[in-house]
Amino acid sequence: MSDYHLKKMYSLIQTPNDLWRLKYEDELAASLGGGRVITYAAGRMAFYSILKTLNLKENDEIILTSFTCSVMVNAIKRIGATIIFSDIDPETLGSSPGEILKLITPQTKVIVAQHSFGCPCEIDKIQELAKRRNIFLIEDCALSFLSKYKGITLGNWGDAAIFSSDHSKPLSTLIGGFVYTNINHLYEKLKVAHESIGDIPQSQQYNIYNQIKFESKYYKPEKYRFFRLYQLFEGIYKKIIKSRNAPTFLINDSVSVPAKDIYYPYPSKFPSFLSYLGLLELGEYIKSIEHRRELLNQLIDVVSIKHRIPNCYANDDNYIIPLRFAFCSDSEKLHNKIAKFIDKEWFWFKKPIEATSEDMEAYGYKLGSCPVSEGVGRIIINIPCIYYKDDGMIKNLKDALITE
Ligand SMILES: Cc1ncc(COP(=O)(O)O)c(C=O)c1O
C-alpha cells in the first residue's frame, strides 16, 4: 500500500469522517445489487444486529450450518435463542436444503444459509422452503463476495445477508463486516439501532492500523508459519506483561471469554479509516475477479485428473469467484505434500465450528450430529485463491499430485 494511502488512513483515525463509511456502504450496495448496506466492525456483529431486530425468544430456533465460525454461534448465544446445527451438502460444502428441511419445526424462526469458499449453496430451494413457512432467511456470504447463482448475486436471495471483510475473507479490511438487504423497513430498523452503537476505541484503531501494515507483508500462505509464530509470541507477551491491555484486534470472542472481557463495544461501528481502506480493496477485488476465476480453472484442471471434486465447480448455474478451491482427498501423502507449501492450519473446516481451540461441545454441537461435515472435515483440502502475481501455487500443486 502506498505511503499516501497509509497517511490518509492514519489521519482518519485522528479525525474520523463518517462520509467515508457512507460512501463505502453505497459502493458495496451498488456492487451487490439494488439493496442497502450497513457496516459493522465484524460480520458476527452484522449477524447479531439482524437477529436483534427479530425479537427472538429463548425457545425460538435458528438453523445454522455446522461448517460455521465460532463467532456466529456466540452471536446467537448473546441473543439467547436456540441453535440447531444442520449438516452440509458435500457437493457445495455449504448449507443443504434437504438437511435444513429435516430440522424445521414450528419453533424455527431463522434459517442461515451459508455459501462456502465462493461456491453458492442451493439457495433457491432454501429460499422456497423458508418463504413457504414464513421463516426469516439470512444468507451467510462471509466467504463469498459477488459470486452468482442462476444469474443472481449471492446476498439477494435471502431477507438479509451478512458479509465479513476480516483478513481471511474475499474483501479484506483486517476486521469488518456488513449487512446487505433489499428490505427497506429492515434497513431502516438497523440504521436506527446503528446510530446508538459505540466506536472501536482510538487506541485499538491504532493497533489495527499497525496490524494492517504488518499483515500486508506476512499474512500470506507461504509466510503463514512465521505469522502464527509471531501471533503465539504476541499472545504470550500480552498475557504475561500486558495482561490488562486490549488484544491487537477483534478475534477475542471465544466461549470462554465473558462479555465483560471484551475490549470494544459489541456491536461496534466500522471505523472511517477502514472504510477508506474498504473502498481501495473493493476496487482491487473487482479488478482481480478474472484472475481468481482463471486460477480456479487451472486448479480444477490439475486436481480433477486424480480426484473427484465437488459438483458445484461443474454446475452451470454457478458463477464462482473463489475464495478457496476446496476438494477432498484421503491420501495422507498428498496432505503432507501440500502442507509443505500451505500451512495445514490454513485449511478451514477440518472440524465443525471453525476458528476456535475449544471443544465443539462447548458451543452446543453434539459430536456425530452432522456426519457429512465431520467426514468431509477429516479429508478436506482448501487452497486459497487470493490474488497471486505468479502461479507458483499451481506448479506446487501439480508436483504434489504427480508424485503422490
Ligand atoms: C462462514 C463465516 N460466517 C461468519 C463469520 C464471521 O465473520 P467475522 O469474523 O467478520 O465476525 C465467519 C468468520 O470467519 C465465517 O467463516
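What share of the contacts in the protein chain with a separation of 6 or more comes from residues 24 or more positions apart? Such residues account for 72% of them, where a contact means heavy atoms within 4.5 Å.

The model is predicted, so local features need pLDDT of at least 70 and side-chain atom pairs count only at pLDDT 80 or more, while totals for chains, interfaces and linings use all residues. Residues are numbered from 1 along each chain as its sequence is written, and side-chain values use heavy atoms, with hydrogens and water left out.

The protein chain has 13 helices and 12 strands. Both are DSSP runs numbered from the N terminus: helices are H or I over at least four residues, and strands are E over at least two. Of the 404 residues in the protein chain, 56% are buried. Buried means under 20% relative accessible area, exposed means over 50%, and partly exposed lies in between, with a 1.4 Å probe and protein chains only. The protein chain exposes about 17,900 Å², and carbon and sulfur atoms supply 52% of this area. Accessible areas come from the Shrake-Rupley method with a 1.4 Å probe; for residues, only the protein chains shown count as cover.

The ligand comes next. There are 13 residues around the ligand, and Gly-43, Arg-44, Asp-140, Ser-164 and Lys-169 come nearest; a residue counts as near if one of its heavy atoms lies within 4 Å. A side-chain N or O atom of Asp-140 is 2.7 Å from a nitrogen atom of the ligand. Ser-164 has a polar side-chain atom 2.7 Å from an oxygen atom of the ligand, and Lys-169 also places a polar side-chain atom 2.7 Å from an oxygen atom of the ligand. On its own the ligand has 390 Å² of accessible area, of which the protein covers 93%. Helix 3 (43–53) and helix 4 (70–79) each give at least two residues to the shell around the ligand.

Helix 3 also contains Thr-53. Thr-53 counts as buried because its relative accessibility is 13%. A polar atom of the Thr-53 side chain lies 2.6 Å from the backbone oxygen of Ile-50. Leaving aside residues up to four places away in sequence, Thr-53 touches Leu-186, Lys-189 and Leu-190.

Another buried residue is Ser-288, with a relative accessible area of 4%. Ser-288 lies in helix 10 (residues 272–304), and its side chain makes a polar contact of 2.8 Å with the side chain of Arg-292. A polar contact is a pair of N or O atoms within 3.5 Å; within protein, one must be able to donate a hydrogen and the other to accept it, and residues adjacent in sequence count only if both atoms are side-chain atoms.

The strands remain. Strands of a sheet pair through backbone hydrogen bonds, either parallel or antiparallel. Two strands pair if DSSP finds at least two bridges between them. Strand 6 (residues 148–149) is joined to strand 7 by two bridges, and Tyr-149 stands opposite Ile-152.

Strand 11 (residues 324–328) pairs with strand 12 in the antiparallel sense over five bridges, with Cys-328 opposite Ile-380. In strand 12 (residues 380–384), five of five residues are buried. Ile-380, Asn-382 and Pro-384 point one way, and Ile-381 and Ile-383 point the other way.
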